[in-house]
Amino acid sequence: MKIAIIGAGLGGLVFGAYAAKDGHEVLIFDKNNKPGGVVALLEHEGYKFEQGPLLLGDMLEGEPVYELLKEFGITLETQRADRDIIMPDYDMVKDDEYKGPYWRREKLKELFPESKKGIDEYYRFYDDMMELRYISTLPDSMMKKLRLAIAFLKVKKYANMTAEELSMHFFKNKKIATLFTGIFADFCADPNEVQGLGIAFTNFETAFDKRIPLEKNGKKYYPGFCFITGGCQKLPEALANYIETHNGITKYNTIVEKVKIENGKACGVYLQDGSEIEADMVVGCGSGKDFFENAVGLDNLDDTYRKILREYRPMEAVFMLHLGVDYDPMQYMKSSLYYCYGMYDLHSATENLRKGKYHGGKDGYLIFVPSYHAPEFAPEGKHCVTIYTVAPDQLCDGTWEEKKREYADELIKLAEKQLPDLSKHITGMKIMTAEDYRTYTHMRKSSFGGVVPIWNQQNPPHVTPVRSLYFVGQQSENAGGVGAVMLGAKAAYEKAFKK
Ligand SMILES: Cc1cc2nc3c(=O)[nH]c(=O)nc-3n(C[C@H](O)[C@H](O)[C@H](O)COP(=O)(O)OP(=O)(O)OC[C@H]3O[C@@H](n4cnc5c(N)ncnc54)[C@H](O)[C@@H]3O)c2cc1C
């Protein structure tokens with residue numbers, strides 16, 4: 001079967017790799033000059049930067065993406081990694097001396113002795129959720145079903161709470177609650193919109209200290225986080241290479257304009273240069289709204305699919321500074337990634353973002369040092385620093401092009417709280433705005449990570465009402481992310497071929 005895939009991001013590549021493995025004729029088109037979409041490395045004035053992902057989940061040995069890659073004979077070298085959090089008036093930065101898997105719980109109790117009971121209650125909930133998660137990773141059996149049901153009973157009482165309700169139930173204190181729910185603001189979600197149980201999965205303790213063992217009672221129990229040695233680009237390169245060595249063709253610098261549909265079935269694509277490519281199956285990705293409105297045509301869908309497209313909410317954009325520096329930022333940081341929050345009011349932060357009001361970094365930002373894991377990304381004696389924050393796709397006052405220099409200076413000034421004298425050590429800078437990402441990802445509205453994880457929201461499904469047309473990628477998965485996109489594309493392939 002001939003399969004035309006639009007987009008060589010991780011979604012398209014994983015679908016393509018499975019198809020190539022099964023002997024199908026794969027043809028992948030991408031508007032950029034290399035594979036990877038937002039995980040491709042950005043090169044600027046002798047420095048290399050991760051455009052998108054910082055920490056990756058599901059990639060360590062035995063984890064789902066590791067196992068997925070193994071099916072193609074791909075094993076990538078990874079380094080366990082973690083992050084620290086700075087709150088407006090306290091921090092959760094690890095000590096040099098390892099203080100055990102629950103050091104954050106103990107530190108919180110020291111900082112907030114009046115909330116001791118709630119903090120302990122939260123960590124019991126966390127342990128119960130980890131047990132539930134662990135059981136879900138075991139092979140299917142009647143015993144597994146029974147164990148899952150018993151484990152679920154322990155957390156059932158929280159199942160109807162939102163993230164806001166659950167965090168306030170435990171902590172009764174916004175300062176602690178925001179430590180656990182701040183990540184939802186990064187996803188452009190108000191904690192009132194997100195299911196509470198999700199808090200345990202967005203706050204794996206192993207994400208905050210890579211020294212925490214992933215094993216319990218001799219078994220792999222907790223998920224770990226990592227950086228791919230040599231950068232995330234290694235991942236799409238390996239998949240593209242697999243496709244090419246299995247008779248697939250990757251065509252870069254090529255834009256697909258439309259999907260060819262006849263009698264309710266996808267049967268090829270039209271390229272921007274006017275040429276037409278016949279295919280037995282077509283796979284799309286990117287922005288669901290753009291893809292179905294422009295390339296497919298809403299008339300070819302049914303009411304259910306059109307309703308989903310109208311109602312689902314993609315995340316907003318990012319404002320990103322990639323800096324070359326001539327000093328070592330790690331002299332001031334305990335991990336290569338800091339999440340710095342500037343407020344405790346996540347409702348206003350999300351609301352403003354949706355209204356197009358940029359916070360100038362005051363609501364929060366991230367600092368990442370890719371050259372810590374990959375010294376070869378920077379010239380000898382130099383380092384790479386990325387500072388970024390979530391930002392509206394469209395500003396309510398002005399354009400990103402007009403404002404970007406002023407906003408860059410503001411963000412650098414704020415980051416000097418963590419990296420003293422940063423502005424005096426900058427040797428190179430590349431600013432990435434929503435406008436740049438729109439062009440790069442071929443989206444009318446830039447959306448950095450996928451879909452806002454709103455409770456009960458439906459995302460555009462992999463299987464579309466057009467026969468032989470499938471949809472993969474960040475906007476088909478809640479909250480997107482490398483692992484979710486790759487596993488989602490695998491699931492889409494299995495649905496397409498009824499495996
Ligand atoms: C700033 C940022 C930070 C992130 N941080 C993390 C993180 O820490 N951890 C994590 O797991 N994930 C993170 N992510 C998310 C993760 O990287 C993405 O969800 C995932 O890589 C998206 O893959 P994709 O295949 O859906 O899309 P993309 O990577 O966007 O790839 C789609 C490709 O298709 C091309 N394309 C689309 N339409 C057409 C067309 N019609 N013709 C030709 N080409 C087309 C696009 O140009 C693009 O190259 C981050 C993303 C960003 C941007």
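**View 1. The largest nonpolar core of the predicted model.** This core has 119 residues. Those with the most contacts inside it are Phe15, Leu69, Phe125, Leu239 and Met486. Helix 4 (residues 116-136) gives the largest share, ten residues. A nonpolar core joins buried Ala, Val, Leu, Ile, Met, Phe, Trp, Tyr and Cys through side-chain atoms within 4.5 Å; buried means under 20% relative accessible area (1.4 Å probe, protein chains only). Helices are DSSP runs of H or I, at least four residues; strands are E runs of at least two. The model is predicted: local features need pLDDT of at least 70, side-chain atom pairs count only at pLDDT 80 or more, and totals for chains, interfaces and linings use all residues. Residues are numbered from 1 along each chain as its sequence is written, and side-chain values use heavy atoms, without hydrogens and water.

**View 2. Surroundings of Leu239.** Leu239 touches Leu10, Leu13, Val14, Ala17, Leu69, Phe72, Ile74 and Met486 (heavy atoms within 4.5 Å), leaving aside residues up to four places away in sequence. A second, separate core has 32 residues, including Leu323, Tyr327, Met333 and Ala408.

View 3. A polar contact pairs N or O atoms within 3.5 Å. A ligand oxygen lies 2.9 Å from a side-chain N or O atom of Asp30. A ligand nitrogen is 3.0 Å from a polar backbone atom of Leu55. For Val256, a polar backbone atom is 3.0 Å from a ligand nitrogen.

**View 4. The shell around the ligand.** Of 34 residues around the ligand (a heavy atom within 4 Å), Asp30, Val38, Tyr440, Gln474 and Val482 come nearest.

Terms used. Buried means under 20% relative accessible area, exposed over 50%, partly exposed in between (1.4 Å probe, protein chains only). A polar contact is a pair of N or O atoms within 3.5 Å; within protein, one must be able to donate a hydrogen and the other to accept it, and residues adjacent in sequence count only if both atoms are side-chain atoms.
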